[in-house]
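Please examine the sequence and the model shown here.

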Amino acid sequence: MAKFYDEIPEWLFEWIKKQHMFWVASAPLSAHGHVNLSPKGTADCFHVVNSKQVWYEDLSGSGIETISHLRENGRITVMFSALDGPPRILRLFGVGTVHEYGTPEYDALIPATTRKPGSRAVIVIDVYQVGTSCGFAVPVYGFVTQRTQLLRYFDKREAVDRSFASSQQQQPGSCSDDNCDSEVAPVKGDTVPQGSLRAYWLLKNTHSLDGLPGLLIAPDAIPAATPQSRFDKDGLRPTLRRGDGSDGVVANESGRLVFGDGKSLALGFALGIVTATAITRAFGKLQG
């Protein structure tokens, strides 16, 4: 049965921290605008400040809908759903504020030592209503591991930004502490390195599907505050590849996590054929 609260009950704090993913819903004011629903999953992205406020680290993606909608109207709903254990659905209704990469508010919540590759903003949500419901119809899933493709992809793009910044500093006549009035030397000209995070943001994250403004500060903040690498490139990575003798998830020679087992798959396929054949024959005898 659905229940509503004016704030997040304390007994839900730990449950929220244990969830491996959540969903974010937002919409523009226009009746013809795109309603957006985004899944979020990377570990340690969602944080509970208190019973009335939460925030999450917004990682880069091919769209910018949530940020654009928040800039226009602030409306946002966050949903958690128990995929294992006792069923539960939790919704946090709130007003969201965007703090982009390169702002003091962003730096205060996400220092360089904990920032994830591709992180573009902090979304702070002031919660005004909380809803819980049964979740009896939600399937049960077993958590395996977090995906790392997005982090690896944007770590490579940020490496291009770092390389470009380094090359700019080494150019003859470039700005230095001794000959510049400003604290940080700007990038010369209007060059944006191909394959960089900055190029990605400028191409995909400046406007929503409905033309609402997206990132306003982050792209131009990169030359002055180039993202630093803290990503473990040698960590285990999940891949949907055939295993080598063990059921479930295993690590292969390259340190990758491998889902499933080729022998188990073949055995299951063979058993399926045998079962289907037996049923067909039995059905034929009954008809005869």
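The questions and answers below concern this structure.

Reader: On what basis are residues numbered, and which atoms and confidence limits apply?
Author: Residues are numbered from 1 along each chain as its sequence is written, and side-chain values use heavy atoms, with hydrogens and water left out. The model is predicted, with local features needing pLDDT of at least 70 and side-chain atom pairs counting only at pLDDT 80 or more, while totals for chains, interfaces and linings use all residues.

Reader: How many helices and strands does the protein have, and what percentage of its residues is buried?
Author: Helices (H or I, at least four residues) and strands (E, at least two) are DSSP runs numbered from the N terminus; the protein has 7 helices and 11 strands. Buried means under 20% relative accessible area, exposed over 50%, and partly exposed in between (1.4 Å probe, protein chains only). Of the 288 residues, the buried share is 40%.

Reader: Is L92 buried or exposed?
Author: L92 belongs to strand β7 (residues 89-100). Contact means heavy atoms within 4.5 Å; leaving aside neighbours within four places in sequence, L92 has contacts including I8, F46, V54, F80 and V127. Because its relative accessibility is 1%, L92 counts as buried.

Reader: Which buried residues does α2 contain?
Author: With 6 of its 8 residues buried, α2 is largely enclosed by the rest of the structure. The cover over these buried residues includes β2 (22-26), β3, β5, β6 (75-81), β7 and β8. The buried residues of α2 are E65, T66, I67, S68, H69 and L70.

Reader: How far apart in space are S60 and A121, C-alpha to C-alpha?
Author: S60 is found in the loop between β5 and α2, and its relative accessible area of 2% makes it buried. Leaving aside neighbours within four places in sequence, S60 is in contact with G118, R120, L150, F154, L197 and W201. S60 and A121 are 61 residues apart in sequence, and their C-alpha separation is 8.6 Å.

Reader: What is the phi of D44?
Author: D44 lies in the loop between β3 and β4 (46-50), and at 61% relative accessibility it counts as exposed. Most residues other than glycine have a negative phi. D44 is not a glycine, yet its phi is positive, at about 65 degrees.

Reader: Which residues lie closest to the centre of the largest pocket?
Author: On a 1 Å grid over the protein atoms alone, a pocket is an open set of points where a 1.4 Å probe fits, with protein on both sides within 12 Å along at least five of seven lines; lining residues have an atom within 4 Å of a point. Elements supplying at least two lining residues each include α1 (13-18), α2 (65-72) and α4 (149-170). Of the 48 lining residues, the closest to the centre are H20, M21, K40, G41 and Q146.
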